[in-house]
Amino acid sequence: MLKHSSTSGFLDFVYDFYKGMKEHEITLVYEGEINHQIMKAFTSLAEGHMTKHAESELLQKKVYHVMVECLQNISKHASHPEVKDDTDYNRGIFLVSRNNDVYNITTGNIIKKEKILYLKELLGHINSLSKTDLNELYKKQLKEGHLSDKGGAGLGFIDIRRKTGKDLEYQFLPLSDSHSFFLFTSTIPRK
Amino acid sequence: MDDSPKVKFTHEDGKLELSGKSLPEDVSAFYAPILEWLENYALNPQPLTEITFKLTYFNTASSKLILDMLTILEKMSEEGKNVVVNWYYPEYDEDMRDAGQEYSEMVDVPFKHISYNP
């Protein structure tokens with residue numbers, strides 16, 4: 001009996017999940033390890049989807065670019081409270097949604113709390129800049145920045161805002177004394 | 001799906017061409033031999049050196065390595081060598097066009113910006 005009710009509870013959840021996805025017009029959702037192969041698979045899926053929906057080539061490129069940068073962010077910065085050496089811990093959630101006006105690319109991953117202040121300042125600063133200042137910041141970082149061990153150039157967030165023209169949206173949800181959940185959404189106008 | 005650009009070097013012609021997409025898994029490892037080749041080439045270059053970028057996409061990590069390549073070229077130019085960069089961009093792709101503009105403002109090397117219909 002218990003087994004039956006928990007199974008039906010699970011199926012109810014699956015149906016609610018399906019309805020939620022439809023309601024929020026989510027075209028792709030994933031939770032798990034983010035690595036290079038996964039990134040290639042998702043970008044290729046999205047390209048297929050966009051070609052099918054006859055999106056302009058420029059929009060396809062923008063969505064593709066934001067997806068690549070967001071997925072690479074997770075593979076470089078995700079963390080976990082129960083994993084001691086989290087250099088290879090690359091898990092997170094990844095969602096793509098689309099409505100009449102925009103594509104949204106959303107990521108969520110666990111980060112160490114000590115990174116929050118830095119991220120808040122960085123993202124806030126990027127959002128505060130004019131287009132010209134953003135281009136200057138990009139060039140400065142391109143010239144003076146160094147590639148990290150994980151291949152990050154410190155340019156991803158700057159370039160996402162430049163290419164989408166939209167503010168970066170983000171939230172930090174506390175999980176424990178040491179870790180928080182970092183949610184990040186980029187919006188790409190379809191026109 | 002290809003994640004690394006096609007690279008074509010011909011020392012005798014002084015030509016280097018990168019085409020396609022650039023988002024290799026290990027961007028430093030991918031570009032290291034290219035930068036090394038270019039540095040060695042710079043010691044004994046042809047009368048004219050031509051670097052062609054015909055990329056359809058590159059990620060921000062690659063953009064750093066592209067600047068490193070251009071910086072080697074800039075040094076050659078400062079030493080009085082004849083160098084030119086051909087920056088191709090698909091005609092619809094204003095982002096790729098702007099990237100070429102930006103690079104040409106960052107390094108002191110003659111740039112040709114060329115739009116094409118892919």
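Trainee: What conventions apply?
Mentor: Residues are numbered from 1 along each chain as its sequence is written, and chains are lettered from A and ligands numbered from 1 in the order in which they are written. Local features of this predicted model need pLDDT of at least 70, side-chain atom pairs count only at pLDDT 80 or more, totals for chains, interfaces and linings use all residues, and side-chain values use heavy atoms, with hydrogens and water left out.

Trainee: In what order do the 5 strands of the open sheet in chain A lie?
Mentor: Strands are DSSP runs of E of at least two residues, numbered from the N terminus, and two of them pair if DSSP finds at least two bridges between them. In chain A the pairing is antiparallel, and the order is β1-β2-β3-β5-β4.

Trainee: Which are the edge strands of chain A?
Mentor: An edge strand here pairs on one side only. In chain A these are β1 (26-33) and β4 (169-174).

Trainee: Which residue in β5(A) is the bridge partner of Leu173(A)?
Mentor: β4(A) and β5 (residues 179-189) of chain A pair in the antiparallel sense over 6 bridges. In β5(A), the partner of Leu173(A) is Phe181(A).

Trainee: How many salt bridges does the rule find across the interface of chain A and chain B?
Mentor: The rule requires a side-chain nitrogen of Lys or Arg within 4 Å of a carboxyl oxygen of Asp or Glu. Asp3(B) and Lys40(A) form one, with their closest N and O atoms 3.1 Å apart. Across the interface of chain A and chain B, the number of salt bridges is 6.

Key. Helices (H or I, at least four residues) and strands (E, at least two) are DSSP runs, numbered from the N terminus.
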